Amino acid sequence: AVRVGAARGAGDLPGMQAAGWVGLLATALPMAVFGVLLFLWPNQIGGLYSNQEDLRAILPSLMVIVALVLVPDGGQVVMAYALRGAGDAWVPTALHLTSYFVVMIPAAWLLAFPLGHGVHGLIEAIALASAFSVSVLMIRFWLIGRARN
């Protein structure tokens, strides 16, 4: 947000766009590394969270889903702040509300209950909402840069 805002304030629109996309990449790469680690060692990492055998039994499968959430979840935060740095505050807020109230909550209910995924469905809904959120925020950031050029 700071780099995007500084470039915007200087009238450097290509620099504003570059700062946002570089910020996204700088977040996505380490999140992807952490995701791979979670994917490769779900038992070991999941086991760090609890000593309860019943919980430890389902944690590895949840860790695999969480591994898939890391990149879009980190990316949606970066894109929201890049948009705020670009002077766009209300649309990212509305997109977050849409992502987490309109997409995630109904998806969580559908996945957890009618489709029978249980607790896995809740995590799957977070993944779905985060993927939706980062997608629409990226589109918004691209459109703002395109409109100002």
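Me: Left-handed or right-handed: which is the crossing of α2 and α4?
Reply: First, a heads-up: this is a predicted model, where local features need pLDDT of at least 70, side-chain atom pairs count only at pLDDT 80 or more, and totals for chains, interfaces and linings use all residues. Residues are numbered from 1 along each chain as its sequence is written, and side-chain values use heavy atoms, leaving out hydrogens and water. A crossing is left-handed if the near helix is turned anticlockwise from the far one by less than a right angle, and right-handed if clockwise. The crossing of α2 and α4 is right-handed.

Me: How many helices does the chain have?
Reply: Helices here are DSSP runs (H or I, at least four residues), strands are E runs of at least two, and both are numbered from the N terminus. Read from the N terminus on, the elements go α-α-α-α-α-α. There are zero strands, and the helices come to six.

Me: At what angle do the axes of α2 and α4 cross?
Reply: Axes are lines fitted to C-alpha atoms, for helices over the stretch in contact, and angles run from 0 to 180 degrees between N-to-C directions. Helix α2 covers residues 13–40 and helix α4 residues 53–85, and their axes come within 8 Å, crossing at roughly 165°. That makes the pair roughly antiparallel (over 145 degrees; under 35 is roughly parallel, 65 to 115 roughly perpendicular and the rest oblique). So the angle behind that label is roughly 165°.

Me: How many nonpolar residues are in the contact of α2 with α4?
Reply: Contact means heavy atoms within 4.5 Å. On the α2 side the residues include W21, L24 and F34, and on the α4 side they include M63, L70 and V78. Ala, Val, Leu, Ile, Met, Phe, Trp, Tyr, Cys and Pro count as nonpolar, Asp, Glu, Lys and Arg as charged, and the others, Gly among them, as polar. The contact has no charged residues and six polar ones, while the nonpolar count is 17.

Me: How many charged residues are in the contact of α4 with α5?
Reply: The axes of α4 and α5 come within 10 Å and cross at roughly 155°, which makes these helices roughly antiparallel. D73, Q76, A80, L83 and R84 in α4 meet P92, T93, H96 and Y100 in α5. By class, that gives four nonpolar and three polar residues, and the charged ones number two.

Me: Which residues of α2 make the contact with α1?
Reply: Helix α1 (residues 2–9) packs with α2 at an angle of about 175°, their axes 8 Å apart, and that makes α1 roughly antiparallel to α2. The contact divides into four nonpolar, two polar and two charged residues. From α1 come R3, V4, A7 and R8, and from α2 come G15, M16, A19 and G20.

Me: Is M16 buried or exposed?
Reply: M16 sits in helix α2, and its C-alpha atom is 9.9 Å from that of V2, 14 residues away along the chain. Buried means under 20% relative accessible area, exposed over 50%, and partly exposed in between (1.4 Å probe, protein chains only). M16 has a relative accessible area of 0%, so it counts as buried.

Me: Which residues does A107 touch, leaving out those up to four places away in sequence?
Reply: A107 is in helix α5 (residues 90–112) and counts as buried because its relative accessibility is 9%. L122 is 15 residues from A107 in sequence and 8.1 Å away in space, C-alpha to C-alpha. The residues that A107 touches are A125 and L128.

Me: What is the relative accessible area of N51?
Reply: N51 lies in the loop between α3 (42–47) and α4. Its C-alpha atom is 28 Å from that of V71, 20 residues along the chain. N51 is exposed, because its relative accessible area is 69%.

Me: What share of the 149 residues counts as buried?
Reply: The C-alpha atoms fill a box of roughly 55 × 30 × 20 Å along the principal axes. Among contacts with a separation of 6 or more, 71% join residues 24 or more positions apart. Of the 149 residues, the buried share is 40%.
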